[in-house]
Structures are given as structure tokens and as C-alpha cells.
Amino acid sequence: MLVVMTIQTIEVPSNIPPPARQLASVLKNLLGIPTSHCIWLIENNCVAVNQKPCRKAHWTLEPGDLIQVDRIPMPIAQSTPKKSPSARGSIEFLYDDPDLCVVVKPSNLLTVPTQYRESQTLLGRVQRRIQDQNSKAKIFCVHRLDRDVSGVLVMAKSLAVAEQLRNQFAARKPDRQYIAILAGLVPNDSGTIRNYLATDENLNRYSVEDPSQGELAITHYRVRQRWQDATLVEVRLETGRRNQIRVHLADLGHPILGDPRYRRDLATHRAWPYRRIALHAESLGFEHPSTRQPMRFVAQWPQEFRDFQRSISKTRPSGHGGRKENHQESEG
């Protein structure tokens with residue numbers, strides 16, 4: 001049950017330090033409501049700053065700015081939300097040595113905390129695990145996966161190793177292979193998407209043709225299996241931009257199932273009821289920073305992928321060994 005309250009205009013006081021002046025934080029402090037409620041208000045057009053609607057929770061305010069909150073849903077009784085099954089339990093370790101560890105990230109779990117300092121993240125859980133053996137141990141993030149994406153990640157145990165691994169990613173050396181279930185039947189057996197990705201004011205990514213307006217993004221894909229109205233593809237990244245795979249596959253007209261951001265109108269399927277994206281970082285290959293030996297790790301399919309495969313009927317095989325592969329390249 002909700003009680004709807006109307007709040008008058010609030011002026012940002014001068015005693016709030018700059019790091020705490022982000023809109024969601026200011027609302028939490030001034031109104032005494034949970035961060036999740038603040039974000040809900042912002043995202044649902046209930047908040048204006050200086051008489052202009054603002055839907056950015058991270059928007060930085062200045063002393064004297066005027067915040068208008070139209071309504072505040074305040075729960076009289078709030079039950080504890082159920083955790084996603086895939087985010088519970090221990091983290092699977094594929095490899096662990098004094099320099100680094102390789103783990104499997106479950107879906108519905110942030111890789112690292114955001115500005116809201118979430119307590120439940122992959123980074124935090126891995127650090128707690130290694131500190132059980134060494135209380136002074138530290139973990140450093142090298143690369144990330146979106147909250148609703150699962151798969152292989154490497155993490156460093158020192159800043160020096162982290163920098164060496166990050167340099168490999170910057171030089172496009174790691175072999176990153178993903179699998180994704182796409183809406184509809186992808187016509188070509190393989191292809192390459194090459195364009196530039198820009199970011200709008202709501203942090204959504206989109207493709208542009210002008211190199212000066214975006215970051216170069218190159219994605220290679222290959223069909224593994226076609227079903228009645230969905231396609232399983234293998235994706236290899238040449239560059240690693242934020243949301244790159246999701247944007248590129250949506251640009252093809254075949255978005256990843258369950259994606260709430262890119263072509264959401266098409267990204268639904270009767271056999272994919274899960275609150276996650278049908279994208280999984282299946283394997284990762286890199287050079288060990290200390291031994292210089294090549295390493296490659298593979299994560300098994302998530303349960304949701306296996307259940308999906310069992311629930312739909314195959315209508316025709318993929319092009320491997322039959323239909324000749326066509327190379328498709330998109331420049332925009």
C-alpha cells in the first residue's frame with residue numbers, strides 16, 4: 001500500500017559537499033527515503049531541477065538549485081525482495097594463483113559498485129573469498145560485464161598485474177567469445193559489424209558513421225544454431241565498448257532476448273521469461289602477465305540457455321558444413 005505525498009520545492013543547501021551532490025543522493029538525504037525510491041522518482045519523471053524535468057540520478061547539483069518533487073510513494077510496509085537465484089550462492093572459480101583469478105559472473109549481479117556503493121557485487125564477493133585465506137589480499141577489476149550478463153571474467157590481485165592485463169585489452173589481444181540468443185532468424189551464417197558508438201544523455205549507446213562522434217566498435221558473429229524463431233550466435237569482440245554487442249545485434253534487427261534497452265519491442269520470446277539478457281561470456285583467452293603463457297577458460301552454459309534450447313523445436317540446421325558462409329560487413 002502506498003501513501004502519495006506532495007512535496008514543495010526544495011533548495012539545495014550549501015553545506016552538502018560536492019561528492020554528495022548527485023541528485024539521487026541529495027533526495028535521499030533531504031527527504032529521508034531509500035535510494036531505490038529516489039531513483040524510481042527520477043526515472044518516472046517525478047523530479048525537476050530548476051523547473052526542468054531531470055531523469056538522471058547521477059546529475060550533479062549546485063547549492064541553490066531548486067528541486068521539485070511531484071510525489072513520493074512511501075511504502076507503509078515493505079517486504080524483503082527475493083534475490084535472483086543466479087545471484088545467490090558461491091562464485092565459481094575457474095583458476096586462481098598469486099597474481100590473478102578467473103571467475104564466472106552470474107547474471108543479476110553488478111561487476112563493481114556504482115556511485116551508490118552497492119554491497120553485493122562480484123568484486124566484493126571475490127575479495128571476501130580470497131581474504132578468507134589472506135586478510136591482506138586485494139582484488140582489482142580488469143574488465144566488466146553488464147549486470148544482466150553472465151560469463152568469464154579475469155581479476156588481478158595487484159595493481160601492477162591489473163595494468164598489464166588492461167594493456168592487453170587495450171591492444172585487443174584477449175580472445176573474448178560470447179554466445180547470445182537473438183530474436184528471429186539471422187539470414188547470414190556469419191558477418192562483421194563495424195561502426196562507431198556514441199552515447200546519448202540517458203547513457204544509451206547508438207551507432208554513428210562519423211568517427212569523430214563515437215568510438216570504433218568491431219563485432220564478429222557466426223550462427224551456431226537456428227530454431228523456429230530464434231538464433232544462437234557466437235560473438236567475438238575485436239573492440240570492447242560498453243553495450244557493444246547489444247547495440248550491434250539490435251542494429252541487425254535481431255536483438256538479444258531479454259534486452260530491456262535495445263529494441264525491446266523485438267527482444268521478447270515466449271520461452272525466455274527470465275529477468276536477464278540472453279548473453280553469456282563463454283570463453284576468455286589472454287597471456288598470463290607473469291609467466292607469459294597463453295591461457296584460455298570456458299564457462300558452461302547458464303541454466304536458462306539450456307532450458308531455452310530444450311523448450312523450442314529446431315527447424316533447420318546452422319550453415320556449418322552445409323550452406324556456404326556469407327561475410328556481411330556493416331559500416332553504419
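This is a predicted model: local features need pLDDT of at least 70, side-chain atom pairs count only at pLDDT 80 or more; totals for chains, interfaces and linings use all residues.
Two strands are taken to pair if DSSP finds at least two bridges between them.

Strand β10 spans residues 150-156 and is mostly covered, with 7 of its 7 residues buried. The pairing of β10 with strand β16 (residues 279-287), by contrast, is in the parallel sense and comprises 2 bridges. In that pairing, S150 has H280 of β16 as its bridge partner.

In soluble globular proteins, nonpolar side chains tend to be buried together. In the present model, the largest nonpolar core holds 47 residues, of which V126, I181, I256 and F308 touch the most other members. Strand β11 (residues 175-183) supplies the largest share of this core, namely 6 residues. For F308, the contacts beyond four places in sequence are I181, W227, A230, L257, H269, A271 and W272. There is also a second, separate core, made of 18 residues, with L27, I33, A57 and V69 among them.

R246 is located in helix α5, which covers residues 244-251. Is R246 buried or exposed? It counts as buried, because its relative accessibility is 8% and the cut-off for buried is under 20%. The side chain of R246 forms a polar contact with that of D259 at 2.8 Å. Neighbours within four places in sequence aside, R246 is in contact with D146, I256, D259, P260, R261, Y262, I277 and L279. One of these, I256, is also among the core residues that touch the most other members.

Across the whole structure, 1 cavity of 30 Å³ or more is found, and the volume of the largest cavity is about 40 Å³. Its lining consists of H143, L145, V152, R176, Q177, Y178, A281, S283 and L284. Strands β11 and β16 are the elements that give two or more residues to this lining.

Methods. Residues are numbered from 1 along each chain as its sequence is written. Side-chain values use heavy atoms; hydrogens and water are left out. A nonpolar core is a set of buried Ala, Val, Leu, Ile, Met, Phe, Trp, Tyr and Cys residues joined through side-chain atoms within 4.5 Å. Buried means under 20% relative accessible area, exposed over 50%, partly exposed in between (1.4 Å probe, protein chains only). Helices (H or I, at least four residues) and strands (E, at least two) are DSSP runs, numbered from the N terminus. Contact means heavy atoms within 4.5 Å. A polar contact is a pair of N or O atoms within 3.5 Å; within protein, one must be able to donate a hydrogen and the other to accept it, and residues adjacent in sequence count only if both atoms are side-chain atoms. On a 1 Å grid over the protein atoms alone, a cavity is a set of points where a 1.4 Å probe fits but cannot get out, and a pocket is an open set with protein on both sides within 12 Å along at least five of seven lines; lining residues have an atom within 4 Å of a point. Grid points are joined across faces, edges and corners, and a volume is the space filled by probe spheres set on the points.
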